Amino acid sequence: VTQVTAPTLTNDMRGTFLARSLGATTVAFGTHVTPMPVQTLESFPTLDYVVRGEPELTLVELIETLEAGNRDGGEVGQLLRRWEGLFRATDPAWQPASAARHPLADVKGLAWRDGGEVVVNADRPLIPDLDALPLPAHHLLPWQAYRAPGMRGPFAFVVPSRGCPAGCTFCIKHVSYGRAVRVRSAENVLAELRLLWGMGLRNVHMYADLFTVNREQVMGICEGMVGEGLDFRWMCNSRVDHVDPEMLRAMKRAGCWIIAWGIESANDGVRRRAHKGIDLEQVSRALCWSHEAGIMNWGYFIIGLPGETEETIQETIRAARTLPLDMALF
C-alpha cells in the first residue's frame, strides 16, 4: 500500500513495479489517485487497486474481499468482525460482498480493473466519529529509524483531526477528506500519546490539516499531557486566525517547540485571489504571541500564486525577513 502525491507519482509507481515483481498486490491511495483513479490505473499497469478518499474502511474491506476464504477464521476474518460495526455506523446500507456479482463491485471508494476496463465504484461516506477507529499500531513500524531536522531522536506522527474550514485555492486537503472538520476527542489522542510514551518515544509531529481547528480539543490535549507527565517535544501547524495567547501558552507548557504557519504571500491581492482569508496584521500578532509564549515560528510561503509579479515576490521576501520567524520555507 503506497500513498501517492503528484510530485512523487513516478517514484511511487516504481515502488509498485518492484512490489509486483516480488508477487505483491499493489494498492495506492492519496491526493493524486483520489481525483484521477482511471488515468493512474491506465498509465501504470503494475498498480492493482486505487483507494479513493478516506482509506481505512475501503482498505479493510478490500483485503477482506480479496481473502474471502478467511471470512470465518484467521486474522482477516477477525479484522472484519471487529470493524463491521464501524462499517455500519458509517454506511447503514453496508452489507458484506454479494456472491451474485463481482465482489469488488460492492467495495465503496475502490477503483479496480474488470478485465481491461477500469471500474470506479461509488464513493464511501466519511467516518463520522474518528474515535471509533482503533489506535494506530505504531509498534509495527520501524519507529527507531524515523528522524527529522530539529527532532532529538526518533519521532512519530499523531493525527488529531481531519479537515480544515479554510478555502485556500491551492490546498489539497479537501481531496481526501472533503470540507467537513472532524476531531478526535482529547482523551482519544492522549491514549495514543500514552502508547507512544510507553514505547519510549519522546518526539511527536501533530499532523493535522489544522491542528488548532478546535480550541477545546487542543486545550484538553495540552492539559492532559501536563497532568500526566507526557513530556513530549512536539510540533504542529496552525493558521494565524486560529490561535490566542492562552492557547499558545498551554501548548508551550505541554511541549510544543515550533509551529508552522501558512502565510503564503505578503501581498494583499495575491492572498485575496488565493482565498487565504488573513491579513498581515493577524500574521504579525500571532507570531508575536507565539514567540512570547516561547515557541519558535516557521513560516510557509508560496512563490507564484495567481497574480504574482517580481514586485510581489520581493514584497514577500522582505516580509519574511522582518516578521518574527525562526525559519521560512518557500
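Reply: We may begin with a definition: the expected span of a helix is 1.5 Å times one less than its number of residues. Please note also that this is a predicted model.

Me: OK, how many residues does helix H1 have, and what is its reach?
Reply: Helix H1 covers residues 9-21, which is 13 residues. From its first C-alpha to its last it reaches 18 Å, close to the expected 18 Å.

Me: Which residues of H1 are buried?
Reply: The buried residues in H1 are Leu9, Asp12, Met13 and Thr16. Because they cover an arc of only 95 degrees around the axis, they lie on the same side of H1.

Me: And what do those buried residues pack against?
Reply: The buried residues of H1 pack against S1, S2 and helix H2 (37-43).

Me: Which residues sit on the other side of H1?
Reply: Thr10, Asn11, Arg14, Phe17 and Ser21 are found there, and these residues are exposed. Just after H1 comes Gly23, which takes a positive phi of about 90 degrees.

Me: Switching to the sheet: what is the strand order?
Reply: The order is S1-S2-S3-S4-S5, in an open sheet of five strands with mixed pairing. Strand S1 (2-3) and S5 are the edge strands, each pairing on one side only.

Me: Parallel or antiparallel: how do S1 and S2 pair?
Reply: S1 and strand S2 (residues 27-29) pair in the parallel sense, over two bridges. Gln3 stands opposite Phe29 in S2.

Me: Which helix packs on the sheet there?
Reply: Helix H3 (residues 56-66) packs on the sheet and touches S2, strand S3 (49-51) and S4. The direction of H3 makes about 150 degrees with that of S3.

Me: What about S4 and S5, parallel or antiparallel?
Reply: Strand S4 (residues 110-114) and strand S5 (residues 117-120) are antiparallel, with four bridges. Ala111 has Val120 in S5 as its bridge partner. The hairpin of S4 and S5 has two residues between the strands, and Gly115 in this hairpin takes a positive phi near 70 degrees.

Me: New topic, aromatic rings. How many aromatic pairs are there?
Reply: The count comes to six aromatic pairs. In one of them, the rings of Phe155 and Phe157 have centres 5.3 Å apart and planes at 65 degrees; planes over 60 degrees apart count as edge-to-face, so this pair is edge-to-face.

Me: Buried or exposed: how does Phe155 count?
Reply: Phe155 counts as buried because its relative accessibility is 8%, and buried means under 20%. Phe157 is partly exposed, with a relative accessible area of 41%.

Notes:
Residues are numbered from 1 along each chain as its sequence is written. This is a predicted model: local features need pLDDT of at least 70, side-chain atom pairs count only at pLDDT 80 or more; totals for chains, interfaces and linings use all residues. Side-chain values use heavy atoms; hydrogens and water are left out. Two strands pair if DSSP finds at least two bridges between them. Contact means heavy atoms within 4.5 Å. Axes are lines fitted to C-alpha atoms, for helices over the stretch in contact, and angles run from 0 to 180 degrees between N-to-C directions. Buried means under 20% relative accessible area, exposed over 50%, partly exposed in between (1.4 Å probe, protein chains only). The arc is that of the directions from the helix axis to the C-beta atoms. Rings of Phe, Tyr and Trp (its six-membered ring) pair if their centres lie within 6.5 Å; planes under 30 degrees apart count as stacked, over 60 as edge-to-face and the rest as tilted.
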